[in-house]
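Here are my notes for a first look through this one. Have the structure open while you read, and take the points in any order you like.

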Amino acid sequence: MRAMVTGGAGFIGSHLVDLLVSNGYEVDILDNLSSGTRENLTGAERDGKISLLEADIRDFDFERHFSQNPTDVVFHLAAQIDVRKSVEDPVDDCVTNVVSTVRLAEAARRHGVQKIVHTSSGGSIYGQPESFPVDETFPVLPESPYAAGKAAGELYLGMFSRLYPDLGCAFIAPANVYGPRQNPHGEAGVIAIFSERLLKGEPTRVFGTGGNTRDYVYVKDVANAFYLAWLRAGNGERFNIGTGVETSDRELHSKIASAVGAEDQPEFAPARLGDVPRSCLNSQKAQERLGWSVEVALSEGIQQTVEYFKSKLDQ
């Protein structure tokens, strides 16, 4: 079997590549390496079943690639993921996250790809629900260009699969993903940020009162959801992938400080405009339809993440 993983050198994508290679797949990785790294692919490269295509999804020749490399499934993870950037430049966000998805789908349907498993966003497409945890029946009410683009990707791919029944699609909508290989230098990825800064003895910041909550799901569990969606999902189905457990920013800091063995004394900064107060997903559908489950609890995942960043600092 042959798979393509767009964004496959990135945080989630590289873990999915590892899983695919371990199951005998040949994997083409499309990544411009703007945030992904070759280092993330070191383990998979040793198995000799991957090919890194260093290119951008906005202008990559999908038609030529699929015509020369018959592909069974595409896992579409490459995206512009910064909500604030999407607000600053919604046109660029749309070109990257929507137009590129349409280009991919058009080439895929013309060259026999069986299914596209697309990355949606469980933390943004539902807006600000009135009750939690959120399941897939909640209305999609995006409040940023980024969220609108993720929802538009679902609509376009669903349309393609109805217009061209040989091309299937499924959507993975993760909660807040964390774990080894996450970038600790951006605005997202608070577990990575806290882990690295506490290991270095640098100050950490909690915004507002620290009472905002998120649903943190381990990266390998998310990679497994993508793989199971390829094997088992019905056409056009969205699956929320989370733990159903809310953890506050302040509580999270305490857990990471404990794992590091550092003082639990964050600085408090003003609340950030646009931050939603709560986020939590119901993943019962994924459990029932895909046979997916949470394998790594938050405490264990934090420990593994801390150990990863400690090993990086020791190099």
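1. Start with Arg58, which is partly exposed at a relative accessible area of 38%. The bands used here are buried for under 20% relative accessible area, exposed for over 50%, and partly exposed in between, with a 1.4 Å probe and protein chains only. Its partner is Asp56: the two form a salt bridge, and their closest N and O atoms are 3.1 Å apart. Asp56 itself is buried, with a relative accessible area of 14%.

2. A word on what you're looking at. This is a predicted model, in which local features need pLDDT of at least 70 and side-chain atom pairs count only at pLDDT 80 or more, while totals for chains, interfaces and linings use all residues. Residues are numbered from 1 along each chain as its sequence is written, and side-chain values use heavy atoms, with hydrogens and water left out.

3. How many salt bridges does the structure hold? There are 17 of them, a salt bridge being a side-chain nitrogen of Lys or Arg within 4 Å of a carboxyl oxygen of Asp or Glu. Have a look, too, at Arg2, Glu26 and Asp28, which salt bridges link into a network.

4. Next, Arg197 and Glu202. Their side chains meet in a salt bridge at 3.5 Å, N to O. Arg197 counts as partly exposed at 30% relative accessibility, and Glu202 counts as partly exposed at 32%.

5. Lys255 and Glu251 form another salt bridge, with 3.9 Å between the closest N and O atoms. Both sit in helix α9 (residues 249-260), and because they are four residues apart there, about one helical turn separates them. Helices here are DSSP runs of H or I with at least four residues, strands are runs of E with at least two, and numbering goes from the N terminus. Lys255 is partly exposed, with a relative accessible area of 34%; Glu251 is partly exposed as well, at 36%.

6. Now for some helix packing. Helix α7 (residues 190-200) packs on helix α11 (residues 298-314) at an angle of about 50°, and their axes are 9 Å apart. That makes α7 oblique to α11. Axes are lines fitted to C-alpha atoms, for helices over the stretch in contact, and angles between N-to-C directions run from 0 to 180 degrees. Under 35 degrees counts as roughly parallel, over 145 as roughly antiparallel, 65 to 115 as roughly perpendicular, and the rest as oblique.

7. Which residues of α7 and α11 make the contact? On α7 they are Ile191, Ala192, Ser195, Glu196, Leu199 and Lys200, and on α11 they are Leu298, Ile302, Thr305, Val306, Phe309, Lys310 and Leu313. Contact means heavy atoms within 4.5 Å.

8. Last, a few backbone details. Most residues other than glycine have a negative phi, and most peptide bonds are trans. Here, Phe132 and Pro133 are joined by a cis peptide bond, with omega about -5°, and Pro133 has its place in the loop between β5 (115-119) and α6 (145-163). Leu33, in the loop between β2 (26-31) and α2 (42-46), has a positive phi near 60° and counts as partly exposed at 21% relative accessibility. Arg181 also has a positive phi, about 85°, although it is not a glycine. You'll find Arg181 in the loop between β7 (176-178) and α7.
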